[in-house]
Every structure is written in C-alpha cells, then in structure tokens.
Amino acid sequence: MKKIYFFVAMATVAMQLQAQPATQDTYVGAALATEDLNGTARYVGMGGAMDALGAEISTMGSNPAGIGLFRKGQVSVTLGVNMQEDGKSFQDGSKTHVSFDQIGVVFSSRTGKTGYLNFGFNYHKNRNFNHVLAAEAGLNGSSQNRQTIIKDIAGLFDTYAWSQLDDLYFGNMLYDDVEKTMYSYDGEAYTFQRANTGYIGEFDFNISGNIKNRLYLGLTIGVHSVNYKNYSEYYEILNSNTYDDVLVADNHKISGHGYNIKAGLIVRPIEESPFRIGVSVASPTFYRLTTENYTEFTYSTSDNVLKGDHSAAKEDFRFNTPWKFGLSLGHTVGDYLALGAVYEYADYGACDMRTIDGGYYDYWSDTYSESSSSDNVMKRHTEKTLKGVSTLKLGGEYKIDKNIAVRLGYNYVSPMYQENGVRDQTLLSPGVYYASTTHFVNWKDTHRITAGVGFSFDKFRLDLAYQYSMRKGNFYPFMPSLTASGEIYDENDAVIGTFTETNGCSAVSVKDNRHQIQCSLTYSF
C-alpha cells in the first residue's frame, strides 16, 4: 500500500458531471451497429442468401429490388424461439425466450404487359440483444480501484477521462479527506455477470418494380427502434486490512429511433437465362438516442461494516452507423432448385458517436431542430479499434415436389474488433466521462449454419427454420495495461522520491453460441 499526497478539485468534477452533454463509446456503438440474421423462416433457412433471387419479403431490408420480382400480393408473420447454449440465467437475462421476429405485406400491381409496380411494408427484429455472460479470474494485485489511482497520477482527474465509476471509488474508498491521502489496494480476484436484454426493431417501407423483366429496381426507407438494457455485477475481492470486497451493480438503458435509406437493383444479363446479379447500398442509420444509468457501489470494511453509494446520469446523443454495400448472385434451375450467394461489406471503424450541441424551436414553422458534432477523440479511437467487416451468405432451396421444399444456408462474418482493441478509459471524451462500467469483449468471427423446410397448401405456405450461431471472444474487466509515475511528498509537501503504479489484467475466453427455431405462415393473394 502506497501513500500519494495531492490536491483534487472534486467540486469541479461534480459540476462538470451535471453540466456536460453525454455520448457513448466505441463498444456501445459496435453493439448498436451490428445486425443478426433474421426475417422469415424461408429467408433464414437459406442463410439470407436471397438478395438476387428476390420474391421474398425479407429482402426488403437487404436488397430492396428483390420485392420487384413479386407477381402477386403476399403477407407473412414469423415467430421464433431463441436459446443460448452456454451460461446461465441471470437477473432479467434468460437463456431461452420467445421472439416475435417478423410481419410484412407486399401489394403487387401490373403496369403493362411485363411491368409491375410493388409496394411493401415489413417489420423484423434487426438485432436481438438477449445474452447472458459470466467471467471470473485472479487479479494478481491489479484492481479496479488501482486503475482510478493511476488515472489520477496521470493527471486525468479533472478531465473527461474521469468516469462515474472513478468518482465512486474515489469518494468512498481511495481518498482520506482528513489526511488528504490516496490509498491503493491490491485485488485478489473478481467475478463478473452481465445480462443484456432488448432488441432493435426495423420498420421498412418499400417501392419497387421492373423493366421488361430484365432490370428490377427498389428503394426502402427504414425506421429503427432501439430498446437496449444491460445489467451487470462486478465483484472484486481485495487484499486489504481496511476493505474486504467491492460490488458494482450497474443498470444501463439505451432507447431511441433512427432511420436509413436502402437502394438496390437486380439484373438478368442474359435474356434466356434466369441467372441474376444484384447490387445494393444502405446509407448509415442516423440515430437519436437516450442513455441512462443507475449504478450502485457497495463495499465492506474489514470489521464487516457494509457501506454504499450510487451515481446516475441521463443524456441524449446521436450515433451514425457506417455505409453498407452488397453484391449478390442468384440462379434457378427449372422450378425445383434455387441457389444464392451474397457478399456484404461495412467499415465499422467509420461509426460516428456524436454529441448534441444544442437545440432550437422555430415558433413560426412549429419545428424543432438541433445540431450535433462528432466526438473526435472517440471517433479516432473507433477507427483504431473497429475495422471493416465482410459477410458471406450462401444458401440453396430444393423442392422435393411442388409442395415441399428443403433449404440449407451458411454465413461467415469476419471479426469487427482489432485483436488488440481496448475500451480505453483514459480518453478525454464524454464517452469515458459518463462511463459507469469498464468491462468489454473483443468478439472474433461468427459462423452461422441454417436449415429449413417449407410446406405449401394452396395459397398458404408454412416454413420452419433452424439457425445455429457461433462466436468466441476475449473478456476484460478493465484495461489490460495501464501505467503512470508520480512523486512522493512528505508532510511539508517536499518531494522525497518517485514511484510507478501499474495495473493490468488478462483476457478470459467467453462464448456466444445460440440456437434459433422459427416458424412462418405466408398467404399469397
């Protein structure tokens, strides 16, 4: 245990916490920007590889031109069951839950001998946040409280790099207000549990058509609704004569809406062939979101006295996802075989967290407008931490007879995170300043295997699909390496020596393996 004498302007910190606008960080942005493979059971059963094949409601959100291949109206609804393979239920997080995944309708009208103009609406669950995670490991002397101390030594206590969590540690355990002294405590081990719940729902509005049955064009406007909840508990055992352990219980919510525009085309380059090529582009999703947290900080002394404190914050921010581009191929053989392939690319290093600078209400036009600006420090960190992601989708459908079809699919999604990515808690950013947790996971590549079967009954079709998704990651309770040096003072504030504080932790391997079963009912009219 080391003593470090210093002066801290805590009043300034408290005032800044109340006054400054908030934003979020790279790892929250990554969770909001990614998408799941979801939609109708037919779409999922073929691995989502239907962008060039078309005539499928779920392509409204991936290649809008696919709706242009409809020749009659259609309505479909999809329910699903999601099961997490690893982990155990925690708080509101459950390993198994029922999901309402999709509902949509397409209206098709002939505009000429070969022309059609189609309109469509589709809702689907773009992102399912439900996931429980647990990790534990020894700390070998490092600790969450030592990270706060090192940040102070580095001179970050009066900047945006001082977080809500630092404030709780500092105000309750680390600083002796009488002696004006900071104390550092060694950590023996930690346990961590987290339950994510919620979803992003996407509402798509589509217009599409074709030219001479050779060129298909489509445009979709998408509205996204975010409902994200996270509850975590970080329990740290200390090697100290003063304190035994610390529990940080954090409730975090993000809600709000966003919109994007998607455009696509499909072309049959050879008139006599059903072979098709598709191209699609999706604009960034422009989100306006509200983040709020309530964090309880509980610690016990060596004489078994339990103490506690809490912090809370609620602020608005904006977030823009990256552009997404798609290239797809589709081919049919007779009326019994369909094959599809899709390649998508998005540069997640271009995610943009934005701070709301202010708003203005125009009474003449009865409108409200506001301006925002990029959190440039966090933007540079995102560019270094996240990277471009390639997604490959392959799928096929074979009709055993005219009423029964079987499907198979496969997805590969390359890693989003750089191998040495870190949730940096020393950045001079509101994204750090409002942080109430420090943990993060660097997820690796994702593999999805899908299968399905469809049964046709006159104008009805019943589809079933199964999806197995696998990915691994490295979990860190806080930054894996942090060092700072400072001076030691005597009682007369004279320098009597120097010291160096280090803090770090090793990665813990975690998994996210999921099973999904879906059932869709479709009616053609």
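**The largest pocket**

Start with the largest pocket of this predicted model, which holds about 930 Å³ of space. Which strand gives the most to the lining? Strand 19 does, with three residues. By residue type, the lining of the largest pocket has 12 nonpolar, nine polar and 12 charged residues.

**The second largest cavity**

The model has five cavities of 30 Å³ or more. The second largest cavity has a volume of about 80 Å³. To see what surrounds this cavity, select Gln-144, Leu-165, Phe-192, Ser-232, Tyr-234, Val-248, Asp-250, Ser-436, Thr-437, Thr-438, His-439 and Pro-477. Strand 9 (215-239) and strand 10 (243-267) each supply at least two residues of this lining. The lining of the second largest cavity divides into five nonpolar residues, six polar and one charged.

**Helix 2**

Select residues 26-33, which form helix 2. How many of its eight residues are buried? Eight of the eight are, so the helix is mostly covered. Going along helix 2, the buried residues are Thr-26, Tyr-27, Val-28, Gly-29, Ala-30, Ala-31, Leu-32 and Ala-33.

**His-97 in strand 3**

Move to His-97, a residue of strand 3. Is His-97 buried or exposed? His-97 counts as buried, at 18% relative accessibility. Show side chains here: that of His-97 makes a polar contact with the side chain of Asn-128, at 3.2 Å. Neighbours within four places in sequence aside, His-97 is in contact with Gly-80, Val-81, Asn-82, Asn-128 and Asn-130.

Most residues other than glycine have a negative phi. The next two stops have a positive one.

- Select Gln-91, in the loop between strand 2 (74-84) and strand 3 (96-110). Gln-91 is not a glycine, yet its phi is positive, about 50°. Gln-91 is exposed, with a relative accessible area of 53%.
- Select Asp-493, in the loop between strand 22 (482-489) and strand 23 (495-503). The phi of Asp-493 is about 65°, positive although the residue is not a glycine. Asp-493 is also exposed, and its relative accessible area is 59%.

**Two cysteines**

A disulfide is a covalent bond between the sulfur atoms of two cysteines. How many disulfides does the structure hold? The count is zero. Cys-505 counts as buried, at 12% relative accessibility, while Cys-519 is partly exposed, with a relative accessible area of 33%.

Notes
Residues numbered from 1 in each chain as written. Predicted model: local features only at pLDDT ≥ 70, side-chain atom pairs only at ≥ 80, totals over all residues. Heavy atoms only, no water. 1 Å grid on protein atoms, 1.4 Å probe; cavity = no way out; pocket = protein on both sides within 12 Å on 5 of 7 lines; lining within 4 Å. Points joined across faces, edges and corners; volume = space filled by probe spheres on them. Helix = DSSP H or I, 4+ residues; strand = E, 2+ residues; numbered from the N terminus. Nonpolar A, V, L, I, M, F, W, Y, C, P; charged D, E, K, R; others polar. Buried < 20%, exposed > 50% of the residue type's maximum accessible area, 1.4 Å probe, protein only. Polar contact = N/O pair within 3.5 Å; in protein donor to acceptor, adjacent residues only side chain to side chain. Contact = heavy atoms within 4.5 Å. Disulfide = S-S within 2.5 Å.
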